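Dear colleague,

I am passing a structure on to you, and below it you will find my notes on what turned up in it. Please read them alongside the coordinates.

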Amino acid sequence: MSEDITFEQGIVLDDAPGAHGRTGTIHTPHGDIATPAFIPVATKATVKTLTPEQIRQTGAQAILSNAYHLYLQPGPDIVDEAGGVAAFENWHGPTYTDSGGFQVMSLGVGFKKVLAMDIAGLTESDIRAANKDRMARVDDDGVDFKSVIDGSAHRFTPEGSMQIQHSLGADIMFAFDELTTLVDTRDYQEHSVERTRRWAKRCLDEHDRLTRERVGKPKQSLWGVVQGAQYEDLRRQATRGLLELDREARDAGRRGFGGFGIGGALEKENLGTIVGWVTDELPQHMPRHLLGISEPDDIFTAVEAGADTFDCVAPTRLGRRGGVYTLDGRLNLAGAKFKRDFRGVDEEFGGDVSENYSRAYIHHLLKAKEYLAGTLCTMHNLEFMIRLVDNIRAAIEAGDYEAYRDEFLGRYYASRR
C-alpha cells in the first residue's frame, strides 16, 4: 500500500471552454483512480440492489458512502472494527465518504434529495420545509438534528464528522460544511461561507490529530468543500480561504487538504462557469470532486471546467424505478410499449444487461414488482455512466474530445429538439 493519497495530472484540455479539463490519476492506498471518473454512491455501505461483485462488473473504480447514515446505523465503531468501510462491504478498492453535512441539512431541513439546479417558477417552500417541520438547527459550532430512523437527538460538529470518517476509514473524505440552496439570501450565503471556512479549519486540526493517533491505519485524505452558491466573489473567496488554511497547516508541519470538493446548489445554465471560478483558483496538483452531478450534458460541462471526479445517486435511483440510459436518451421500461420489445436495453451500447436481458423481460419484472428489475436497470445505468466518463477520458487522451462530445450529446438529446 502507498503511504498517502496523491494526484498525478495527465493531459490538459487546453482548447475546451474554461481550459481546465484534464486527465489524471488519483493514487490511494487501495488502488488508483483514473480521472475523469464517475463514482457510484454506496450510501449505507452498499450500492442499492447490487453486490460488490456486480459493482465491479460496471467498471466502477471507487465508491462513495455516507457518514450520516453509517453513523446512525450500524455505527462507525463497528465499521472501524471490521477494518474500515472497504473491508466491511467487501469492496477492497478506493472509497470516499462525504461528511454527512448534506444529509443533516437535506433530511433535517426538508431539502429535496437532489438540490434544485433551476428555481424558475419555484418558491422557497418548494425547496425547503416550513420552519416548524425542521429536524436540524445550525449554529456556529455545529448542527443539532434528529435521526431519520427513530427521531433521537444527535449533534454533528467538524470534530465529530472527522472522528466518524476516520473510523469509517475511507481513502478520501470531505470536511464538514454547511449546505445552502439557491433560495438562501446573499447575506446568509456570506455568513455560511465564513462558517464553512471556520469548520474546515477545525476539520484540518482534528484530521491531523487523529492521523497521528491512529498509527498503523492507511492514510486518509481530507478534502475541503467550496460553497458560495451562484456568486463569483463568494466562490473565489471560499476557495482562497481553504487554500490559505491548507498553507497554514503545511507550514506548521500538519496535514493539509488532499483535494477539494465543489458543493452546494448550482444553476444548471451556469454550471461550467461556477466550476470554472473554483478551478481558476485551485493548483493543478490537487484533484477536484463535483458533488452530486450526473446528467450527461452536465458531466461534459464539468469536465471541461476542470472537475476530476463526480458522484450522484441519480443513475441508481432512476434504475430502481425502471428508468434506463441509452445512447438515444432515457427510457422508462415500465411503459406499456416495452411489453413485447425483445431487444436488449441498448444493443449498440452493449454491456452485460443489454446482451442478456430484453426490455420485455425487465418490463415484466417491473410490473411484477420483482427486485431483479432494480438490479438489472441499476447495473445498466452505472455501466452506462461509468463508460461515458471513461470514453471522455479516452477522447481527451486521443485528442478528439470535442468530436466525441458533439456526437454523443447530439444523439442523446436529439428527441428534445
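A residue is called buried here when its relative accessible area is under 20%, exposed when that area is over 50%, and partly exposed in between, with a 1.4 Å probe and protein chains only. Helices (H or I, at least four residues) and strands (E, at least two) are DSSP runs numbered from the N terminus. This is a predicted model, in which local features need pLDDT of at least 70 and side-chain atom pairs count only at pLDDT 80 or more, while totals for chains, interfaces and linings use all residues. Residues are numbered from 1 along each chain as its sequence is written, and side-chain values use heavy atoms, with hydrogens and water left out.

Just after helix 11 comes G306, whose phi is positive at about 115 degrees.

The interior can be described through nonpolar cores, meaning sets of buried Ala, Val, Leu, Ile, Met, Phe, Trp, Tyr and Cys residues joined through side-chain atoms within 4.5 Å. The largest of these has 94 residues, and F38, F257, L290, I299, F310, I392 and F408 are those with the most contacts inside it. Helix 15 (residues 372-398) gives the most to this core, contributing 13 residues. A second, separate core of 14 residues includes I5, A37, I39 and W223. Taking contact as heavy atoms within 4.5 Å, and leaving aside neighbours within four places in sequence, F257 is in contact with, among others, L204, W223, L245, R250 and M286.

S99 sits in the loop between strand 6 (95-98) and helix 5 (101-109). What does S99 touch beyond residues up to four places away in sequence? Its partners are A67, F156, S161, Q165, F174, A175, F176 and D177, and S99 is buried, with a relative accessible area of 4%.

T35 and P36 are joined by a cis peptide bond with omega of about 0 degrees, and P36 lies in the loop between strand 3 (31-35) and strand 4 (37-39). Another cis peptide bond joins Q73 and P74, with omega of about 10 degrees, P74 being in the loop between helix 2 (67-72) and helix 3 (76-81). In the loop between helix 4 (85-88) and strand 6, N90 has a positive phi near 60 degrees although it is not a glycine, and N90 counts as partly exposed at 35% relative accessibility.

Best regards
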